[in-house]
Amino acid sequence: MTAKPEHIFDREREWAGLDTFARNAHPGAMLGVVSGRRRQGKSFLLEALAAETGGLYFPAVEATEAVSLRAFTAALVRQGVSVSRPVQSWDDAISLLFSSVTGAPRVAVIDEFPFLVKASPSLPSIIQRELGPGGSGQRSSIRLLLCGSAMSVMGGLLAGQAPLRGRASLELLVRPFGYQDAARFWGAADPELAVLLHSVVGGTPAYRREFVAFDAPDGRADFDPWLWRTVLNPQSPLFREARYLLAEETEIRDPALYHSVLGAIADGNSTNGGISNFVGRKSADITHPLNVLEHAALIAKEADVFRRGRWLYRVTEPLITFYEVVMRPEWYRLESGQAEAVWRDQQADFLSRVVGPHFESLCRSFVLQAGSGLFDTAVGEVGSGVVNDPANRTQIEIDVAVLAPPEPGRPRRLLSLGEVKWGQIMTPQHAARLARARDLLAASFDVSSCTLACYSGAGFSADLRSAAGPRLILVSSDDLYR
């Protein structure tokens, strides 16, 4: 295996997948597709791979086809490829690229591939032809990696009737760091600081480096001042980043509508009906924006685990939630340099509407990782949902619902029901509410081994601690990072 450079933090699985693809000795050209939202370190990773293996790395830019072809040809020449005649089209360029690599496998990376496709829509078809029977790829040992951040474009490369469907040997999605890796990356040893920090910047690597010039909070007491000098500072690139994330998606034509949809979800409206009511549009009018935002990986659609057919939406980029809740309502004050005053006014909303829901998602991630270690059996699904309580004419929200894998002919086993509180000490009343939900679900699920779980960032009352046992577990923020 090619050694991963020391300057690349984490990404062991991604590096191993890329290295295996690059060294594959199977005859013939091979195609890989690497995607992921901007700022996740895709280019950083692929440039290092090309450097370590002696391959080609070509970063495309927004330009006309003629300009891009000249730049691509120049990159081939720098790699020692002999160009005997002018390269007039992508037909010539791709054929030349494939023909230049024979013998030992060699990597060629085309980064920001969507820029090239925008100017030359036929490019995927040209690559498909060269990979197919009679194409130059049959005699080549190139390992071609196409990379891009425009998720709608990259997702469509291998979908449906797309020319490259069925041609790729690698499909790698570079995601943000998980919450534990993100804490290590930022040097946040204190769990409370780690949760607060992740609630703002998530696991995006670039936000730790270029965007704040390596400025990280020096302990919990420095978190507020850090916000003032970075995210809430008009001179910081992070200040407008949430707006740019939306503007970069090519399918978005009405930014005001899309910001309103994101704002609705950030405000706690997780259903289609709730979002449409918040925005003031008919439900059918927001279907397309929701689909575009989902394809762009800015929101996720998750099923209510107790009510099939009912979907719940959440924003996947913490910085967008922070912007919609904290920054957007106070934009003009922030632009005028009133960060400290704005933060005093918005801090309560930050804790309740940003950190609270985000801590819920971290707890679900924790359960996915801990799995059988928590419940002594395999975990099949982790999600959230709402349980109707007709007798009390109310609904019980379950923040962390854990189900076993389905077994044919048997009711689904419910492994755990959990409630999450960030800033509130939990008491036996929280456990009683979970027990009520468990009893209501007994008609539809096997609840014989259901464990009740209280997750808290503030702690637990003494009487709740004394009640804890095999069927009632208490999980603190310290446990999430242990």
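Modeller: Helices (H or I, at least four residues) and strands (E, at least two) are DSSP runs, numbered from the N terminus. This is a predicted model, where local features need pLDDT of at least 70, side-chain atom pairs count only at pLDDT 80 or more, and totals for chains, interfaces and linings use all residues. Residues are numbered from 1 along each chain as its sequence is written, and side-chain values use heavy atoms, without hydrogens and water.

Colleague: In which loop is Ala297 found?

Modeller: Phi of Ala297 is near 65°, a positive value in a residue other than glycine. Most residues other than glycine have a negative phi. Ala297 is in the loop between helix H14 (287–295) and strand E6 (299–303).

Colleague: Is Arg393 buried or exposed?

Modeller: Arg393 lies in the loop between strand E8 (381–389) and strand E9 (394–403). Buried means under 20% relative accessible area, exposed over 50%, partly exposed in between (1.4 Å probe, protein chains only). At 80% relative accessibility, Arg393 is exposed.

Colleague: Which residue in E12 stands opposite Cys454?

Modeller: Strand E11 (residues 451–456) pairs with E12 in the parallel sense, over 5 bridges. Opposite Cys454 stands Leu474.

Terms used:
Two strands pair if DSSP finds at least two bridges between them.
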